[in-house]
Amino acid sequence: MTDHATIPEHIDLDQARKRARELLTELRRHEPATRLAEAQHRIAQGLGFSTWPALVRATERFAPATPDSLAWHRITRVSIVCFRTDPDAESGAVVALYRHDGGWLLPSDRRLPGEDVWDDSVLRIPLARMGFRRQGTHLLAVDASRRHCVFWVDGDPYQGERTHRGDVQWWTGGADAAAELLEAQGDGALARLVLAADEARRTITYDQVVADTRRTLVGPYLRADTPQGGSGFGGTARDWHDARGVLAAALDTGRASSTFLDLACANGHLAVSMVGWAADRGVEVVPYGVDIAPELVERARDLHPELADHFWIGDALTWRHPDGQQFDLVHMLLDVIPDNRHAQLIDHLLAEVVAPGGRLLLSQYGPVRPALAPEAVVERLGHRVAGRCRPPQRRSRPDPGRASVWLERT
């Protein structure tokens, strides 16, 4: 068998598929119940492979794809290249593979009936195969049949209550090392995908990040059946209060009233929730919000018609109030902005959006490594942390995330 050797260049997967169908026709003349898998298995063994999947993983060819180029209803299989952020790695990220049947694999599976590929399949498959929770999600490629698409995602081991695989062995390392490992075990197609994904990750533009983030968030947020779900939060209303209510500690209680602006506000639930949390501290808050997705801003306006003119469409990196208004407390979620734009983001917000004497509150939700926590980020960029608010521990998430921190504009 050639599974663990150099793959002969002359092997053409499309031709192998054609030969398998022809063999199936021949076999069914004698055994009508013969299945395609049997014919494929025989063809694979005739070409020197132990199984048909081994042949496919070695020889399948992919071409670059964009979201608008695919007929999504025709997609039947989804594979994912998973990157885990590693501040100690030269590239800032490592590939994560998982152990299965004696080899290392990328998570891959058939699309289930009724699944939205981007919203559902890309979330389910790495969770079910290796307990990996995707965050940033980016389409990479499609095969010649245009039925098997590949994504690259960044994320981390999952720690929540969704159904996931928690007992699988991982391998992590650089893309070159991952490709060598896959090639050595006969998975040439997977090796090529890893290298293509790493190149795409390194060269992605900010506009592409924005477009992909919008595509990832808008659908699930609009379909959520709770206010907190529409703001990207997976817990109950009580969990929401416990996890996000601590942000009110950043309010200046020396002010009888304050303006609060939530950037990346989604459906506006955090901005509106802050009104009640502030009242408990004796502060009257007027809420505002900005989001880059028009659909989410429209949802915020629909849910809070009395505040419709308090929500705007905009990119936090460049947004300014149309009339020049600035705000006493501005909240920004670092997760939605690429790491290499954090300096630009903070400088812009302190200069243009936070009012003199006001505060910029920075959060990063979920488990994060110390080097990526808000406090580490702002200190690395030369800013002084003026205060902190830490979410309490939740049973469903042993690590509640790093403390949100605020900076003061003098």
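Which element gives the most to the lining of the largest cavity? The first point answers this, and the others follow in turn. The model under review is predicted.

1. Strand β13 gives the most to the lining of the largest cavity, contributing 3 residues. The structure holds 1 cavity of 30 Å³ or more. The space in the largest cavity comes to about 50 Å³. Its lining is made up of A250, L251, D252, R255, S258, D328, L329, G357, G358 and R359. Two or more residues of this lining come from each of β12 and β13, the latter spanning residues 354-363. Sorted by class, the lining has 4 charged, 3 polar and 3 nonpolar residues.

2. **The second largest pocket.** This pocket has a volume of about 1,200 Å³. It is lined by 37 residues, and W52, P53, V56, R57 and R77 are the closest to its centre. The elements that give two or more residues to this lining include the helices α1 (13-28), α2 (36-46) and α3 (52-59). The strands β2 (77-85), β3 (93-100), β4 (103-105) and β5 (108-110) likewise give two or more residues each. Helix α3 supplies the largest share, 5 residues. In terms of class, 14 residues of the lining are polar, 13 are charged and 10 are nonpolar.

3. **Helix α9 and its surroundings.** Helix α9 covers residues 269-279, and its buried residues are H269, L270, A271, S273, M274, W277 and A278. These buried residues pack against helix α8 (237-244) and against the strands β9 (257-263), β10 (284-291) and β12 (327-333). S273, within helix α9, has a relative accessible area of 13% and is therefore buried, the limit being under 20%. The C-alpha atoms of S273 and Q228 are 9.9 Å apart in space, while the two residues are 45 residues apart in sequence.

4. **Aromatic pairs.** The structure holds 12 aromatic pairs. In one of them, the ring centres of W240 and W277 are 6.3 Å apart and the planes stand at 40°, so this pair is tilted. The pair links distant parts of the chain, since W240 is in helix α8 and W277 in helix α9, 37 residues apart. Both residues are buried: W240 has a relative accessible area of 5%, and W277 has a relative accessibility of 8%. A further pair is formed by W312 and W319, whose ring centres are 5.4 Å apart with planes at 35°, so this pair is also tilted. W312 counts as buried at 14% relative accessibility, and W319 is buried with a relative accessible area of 8%.

5. **A ring cluster, and a charge over a ring.** Which residues do ring pairs link into a cluster? They are Y288, W312, W319 and F327. Elsewhere, R201 lies over the face of F83, at 5.1 Å from the ring centre.

6. **The surroundings of P294.** P294 belongs to helix α10, which comprises residues 294-303. With a relative accessible area of 32%, P294 is partly exposed. Setting aside residues up to four places away in sequence, P294 touches R214 and I313. The C-alpha atoms of P294 and G314 are separated by 8.6 Å, and these residues are 20 residues apart along the chain.

7. **Backbone angles.** D101 has a positive phi of about 50° although it is not a glycine. D101 is placed in the loop between β3 and β4. Is D101 buried or exposed? At 74% relative accessibility, D101 counts as exposed. A266 has a positive phi of about 55°, and it too is not a glycine. The loop that holds A266 runs between β9 and α9. A266 counts as buried, at 3% relative accessibility.

Notes
Residues are numbered from 1 along each chain as its sequence is written. This is a predicted model: local features need pLDDT of at least 70, side-chain atom pairs count only at pLDDT 80 or more; totals for chains, interfaces and linings use all residues. Side-chain values use heavy atoms; hydrogens and water are left out. Buried means under 20% relative accessible area, exposed over 50%, partly exposed in between (1.4 Å probe, protein chains only). Helices (H or I, at least four residues) and strands (E, at least two) are DSSP runs, numbered from the N terminus. Contact means heavy atoms within 4.5 Å. On a 1 Å grid over the protein atoms alone, a cavity is a set of points where a 1.4 Å probe fits but cannot get out, and a pocket is an open set with protein on both sides within 12 Å along at least five of seven lines; lining residues have an atom within 4 Å of a point. Grid points are joined across faces, edges and corners, and a volume is the space filled by probe spheres set on the points. Ala, Val, Leu, Ile, Met, Phe, Trp, Tyr, Cys and Pro count as nonpolar, Asp, Glu, Lys and Arg as charged, and the others, Gly among them, as polar. Rings of Phe, Tyr and Trp (its six-membered ring) pair if their centres lie within 6.5 Å; planes under 30 degrees apart count as stacked, over 60 as edge-to-face and the rest as tilted. A charge sits over a ring if NZ of Lys or CZ of Arg is within 6 Å of the ring centre and within 35 degrees of the ring normal.
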